[in-house]
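Trainee: I would like to go through this structure with you. Could we look at it together?

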Amino acid sequence: ALNVLDGKVIAQCQQRHRHIEWLKFLRKIDRETPKDKVLHLISDNYATHKHPNVQRWLARHPRFHMHFTPTSASWLNMVERFFR
């Protein structure tokens, strides 16, 4: 997660990419950002981000707004490489 205003990056490397790891990352973002801020997260359309447990967590944390990138958007591959 990148805070555009101050350039702070919230990062977490995981061995696996399941919904469990995504929830850990969401919780980390929640802990490390001011509670009064509305957060917009841009993510790929990977099924992990749409798992029912993730959807329940997001419903309980209304300051998080998910935005999904289009499937098979080739220009996004370059962006993903940049952030790896």
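Trainee: In what sense do S1 and S2 pair, and over how many bridges?

Mentor: In this predicted model, S1 and S2 pair in the parallel sense over 5 bridges. Two strands count as paired if DSSP finds at least two bridges between them. Strands (E, at least two residues) and helices (H or I, at least four) are DSSP runs, numbered from the N terminus.

Trainee: Which residue in S2 is the bridge partner of His40?

Mentor: That partner is His65, which is found in strand S2. Leaving aside neighbours within four places in sequence, His65 is in contact (heavy atoms within 4.5 Å) with Val38, Leu39, His40 and Leu41. His65 and Leu39 are 26 residues apart in sequence, while their C-alpha atoms are 6.0 Å apart in space.

Trainee: How accessible is His65?

Mentor: His65 has 33% relative accessibility and therefore counts as partly exposed. The cut-offs are under 20% relative accessible area for buried and over 50% for exposed, with partly exposed in between (1.4 Å probe, protein chains only).

Trainee: Which residues form the covered face of S1?

Mentor: Leu39, Leu41 and Ser43 form the covered face of S1, whereas His40 and Ile42 form the uncovered one.

Trainee: Before we go on, what should I know about the numbering and the values?

Mentor: Residues are numbered from 1 along each chain as its sequence is written, and side-chain values use heavy atoms, with hydrogens and water left out. As this is a predicted model, local features need pLDDT of at least 70 and side-chain atom pairs count only at pLDDT 80 or more, while totals for chains, interfaces and linings use all residues.

Trainee: In what order do the elements run?

Mentor: From the N terminus on, they run α-β-α-β-α. The protein has 3 helices and 2 strands, and buried residues make up 31% of its 84 residues.

Trainee: Which residues touch the most other members of the largest nonpolar core?

Mentor: A nonpolar core is a set of buried Ala, Val, Leu, Ile, Met, Phe, Trp, Tyr and Cys residues joined through side-chain atoms within 4.5 Å. The largest one has 13 residues, of which Trp22, Leu26, Ile29, Leu41, Leu58 and Phe64 touch the most other members. Helix H1 (19-32), strand S1 (39-43), helix H2 (52-60) and S2 each supply at least two residues of this core. H1 gives the most, with 5 residues.

Trainee: And what does Trp22 touch?

Mentor: Not counting residues up to four places away in sequence, Trp22 touches Leu41, Thr48, His49, Val54 and Met66.

Trainee: Against which elements do the buried residues of H1 pack?

Mentor: They pack against S1, H2 and S2. Among the buried residues of H1 are Trp22, Phe25, Leu26, Ile29 and Asp30.

Trainee: How accessible is Asp30, then?

Mentor: Asp30 has a relative accessible area of 15%, so this residue counts as buried. Leaving aside neighbours within four places in sequence, Asp30 is in contact with Lys35, Trp57, His61, Arg63 and Phe64. Asp30 and Phe64 are 34 residues apart in sequence and 8.8 Å apart in space, C-alpha to C-alpha.

Trainee: Turning to H2, which of its residues are buried?

Mentor: Val54, Trp57 and Leu58 are buried in H2. Seen down the axis of H2, the buried residues fall within an arc of 100°, so they line one face of the helix. The arc is that of the directions from the helix axis to the C-beta atoms.

Trainee: Why do residues three or four places apart point the same way in an α-helix?

Mentor: They do so because an α-helix has 3.6 residues a turn. On the other side of H2, Ala59 and Arg60 are exposed. What covers the buried residues of H2 includes H1 and S2.
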